[in-house]
Amino acid sequence: MIHRVNQFYAADNQTQALKEFFQALVDYINQSEGCIGCQLLQDEQDDSHFVILEQWQTKEAHQASLSQYPADKMQAAMSLFGKPPKGDYYTLIKD
């Protein structure tokens, strides 16, 4: 299993619109093949800051899901971002 942690900041006056975009995106991700789970989090002190936590069977499953997401929807969301998105893959450390 692989974990993906993504951080996003909304552009000025775009917090609600970005939140709505992410809610639809998380629904899509949760239905994608190989997805174990996906959650949207919003910072309690800075509501323009969002984190998406994803769990996947494999990194390739995550990448396949991204490639199948409608490009026009992703392009339309680009104006909602206040900073470039950041995301990394993580593996769980087991004792």
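The model is predicted.

| Residue | Location | Relative accessible area |
|---|---|---|
| T15 | helix α1 (residues 15-30) | 18% |
| D43 | loop between β2 (35-42) and β3 (49-56) | 31% |
| Q7 | strand β1 (residues 2-9) | 32% |

**T15**

Start with the helix. T15 belongs to α1, which covers residues 15-30. T15 counts as buried because its relative accessible area is 18%, and buried means under 20%. Which residues does T15 contact, leaving aside neighbours within four places in sequence? They are A10, Q42, D47, S48 and F50.

**D43 and the charged patch**

One of the contacts of T15 is D47. D47 also belongs to a surface patch of negative charge. The patch brings together D43, E44, D46 and D47. D43 sits in the loop that links β2 (35-42) and β3 (49-56). With a relative accessibility of 31%, D43 is partly exposed.

**Q7**

Now the strand. Q7 is part of β1, residues 2-9. Its relative accessible area is 32%, so Q7 is partly exposed. Which residues does Q7 touch, not counting those up to four places away in sequence? The answer is H49, F50, V51, P85 and K86. V51 lies 44 residues from Q7 along the chain. Yet the C-alpha atoms of Q7 and V51 are separated by 4.6 Å.

Terms used. Residues numbered from 1 in each chain as written. Predicted model: local features only at pLDDT ≥ 70, side-chain atom pairs only at ≥ 80, totals over all residues. Heavy atoms only, no water. Helix = DSSP H or I, 4+ residues; strand = E, 2+ residues; numbered from the N terminus. Buried < 20%, exposed > 50% of the residue type's maximum accessible area, 1.4 Å probe, protein only. Contact = heavy atoms within 4.5 Å. Patch = residues over 30% accessible without salt bridge, like charges linked within 9 Å, V, L, I, M, F, W, Y side chains within 5 Å. Areas by Shrake-Rupley, 256 points an atom, 1.4 Å probe, with all protein chains shown as cover. Salt bridge = Lys/Arg side-chain N within 4 Å of Asp/Glu carboxyl O. Lys, Arg positive; Asp, Glu negative; His and termini not counted. Charge placed at Lys NZ, Arg CZ, Asp CG, Glu CD.
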